[in-house]
Amino acid sequence: MIIYAPPPILRLAFLVSCTGVLFGYGITSIAGVLDVLTPQFGLSLHQTQFLVFILVAGCFVGAIVAGPASTRWGRRPVMGLATLISLGAYGFILTAPSWAGLLTARALTGVSIGLYSMVVPMYAAEAVHTPRRGAIVALFQLAITAGILLSYGLALWLDSPQQWYLVLAFGLAPSLLAVAGLAALPESPRWLSLHAHPQQASMAAHKLGLEDEWQAITQAEARLPHAASKSLRQGSVLKVMLLCSSLFILQNLSGIDGILYYAPQIFKGLGFSAGTAALAATFGLGAVNFLATLASVSLVDQLGRRRLWIVGSAAMVFGLAMVTIAAANDHPWLGLIGLCIYILAFALSLGPLPYVLMSELFPSALREQGMATASAISWLFNALVALTFLSIVETLSLAGTMMLFLGVCILSLILGIKYLPETRNLALETIESRVLEGLPLRQIGG
């Protein structure tokens, strides 16, 4: 009997998709049930923000742990640990826990997402052919948006107050699928090679379909100077660290986290009625996010990273300007159009590109340390937004809050023009050699 085995790239895409869905679903599933949980548990505004924050705090912890863990044990064991934690957390939520139990389960869910957020893009970049690297890593962001859309859709469908735990616990399904995805893939050949397992690295490269370029990769690695030292002071490594951290800070402070976490409340602030109308507008926003990210998967390797970042940042400024005007003058539909423009532009630029560039720019010997630091900084600022967004809106108004986000997008545009390199179609080893030579950031790319 002949058993069909999917090509390596499809198996990799399946794992990236499962973990990305878990990421997106986990961070936004709370948005559709906040209005139910607030009266059920008698939550104040600060307790509501804390319920959102606790998951993001767990993400920060997971991202911190992911670096040293993936360095010592490899990419697959860390992804396996994240999946086990995810299974346990979602299984517990299915029991409709108490307030304390819900906080615990959400914190554990956050830890698993934090682990995924750092390790999955790194593994994907190391396990795929160079011409498809940008698309596969961007697929992670696409899957995140699919998870977001799924969470909004379920909240709209399961709108009974008694079913809130079903909305939060549905992440159990992609967790089970992630188990199958992990079982079908080997350890990263680059990790195996870096840890002096050349034979196992060659076998892993064969399983991943990388035989045609593995010899060239190993020869390039032999010429790199990273073995002498693993210091952030080498070449342009510190500049790369600052750049990648800045990309994630701008991603989070551009407003996306507040919009994703509190979308129904934002639409109520714009003038949509509470309940179904606000949830429907939220679902529409999620659909735009998904479709635009779908386009980015192909565009990131066709148009390049730098061009998408610059054009996307400019469009985000325009969209948030419309939302600011709408919020100040009670024009809900203008606000919805502005948010759609903003989300579309974000999905093509600030959404996927920090993950793509982070996975490409760090040298192999410092990849875990650099990516873990960038991911942790990302979650730190994500947590800041989650914990303060409603309070900022209460203090500054929705229009004032959107103006703050607009200013961040202007900074993003300036950074893209001045510093962002173009890494499209460059092998990881070529990028690494340029970083270690100390080239300026713009010259690292092609």
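Q: Why is V78 called buried?
A: V78 has a relative accessible area of 2%. Buried means under 20%, exposed means over 50%, and partly exposed lies in between (1.4 Å probe, protein chains only). V78 therefore counts as buried. You can find V78 in helix α4 (residues 75-93); helices here are DSSP runs of H or I with at least four residues, numbered from the N terminus.

Q: What kind of model are we looking at?
A: This is a predicted model, in which local features need pLDDT of at least 70, side-chain atom pairs count only at pLDDT 80 or more, and totals for chains, interfaces and linings use all residues. Residues are numbered from 1 along each chain as its sequence is written, and side-chain values use heavy atoms, with hydrogens and water left out.

Q: Why does V61 count as partly exposed?
A: The relative accessibility of V61 is 43%, so V61 counts as partly exposed. V61 sits in helix α3 (residues 45-73).

Q: What makes the contact between E126 and R75 a salt bridge?
A: A salt bridge needs a side-chain nitrogen of Lys or Arg within 4 Å of a carboxyl oxygen of Asp or Glu. In E126 and R75, the closest N and O atoms are 2.7 Å apart, and the two form a salt bridge. E126 belongs to helix α5 (residues 99-126) and R75 to helix α4, so the pair ties together parts 51 residues apart in sequence.

Q: How do you know that R305 and E360 form a salt bridge?
A: Their closest N and O atoms are 2.4 Å apart, and a salt bridge is what they form. R305 is in helix α15 (residues 305-329) and E360 is in helix α17 (residues 353-361), so this pair joins parts 55 residues apart in sequence. R305 is buried, with a relative accessible area of 1%, and E360 counts as buried at 1% relative accessibility.

Q: Why are α12 and α18 called roughly parallel?
A: The axes of helix α12 (residues 237-261) and helix α18 (residues 367-419) cross at roughly 30° and come within 4 Å. Angles under 35 degrees count as roughly parallel, over 145 as roughly antiparallel, 65 to 115 as roughly perpendicular, and the rest as oblique. Therefore α12 and α18 are roughly parallel to each other.

Key: Axes are lines fitted to C-alpha atoms, for helices over the stretch in contact, and angles run from 0 to 180 degrees between N-to-C directions. Helices (H or I, at least four residues) and strands (E, at least two) are DSSP runs, numbered from the N terminus.
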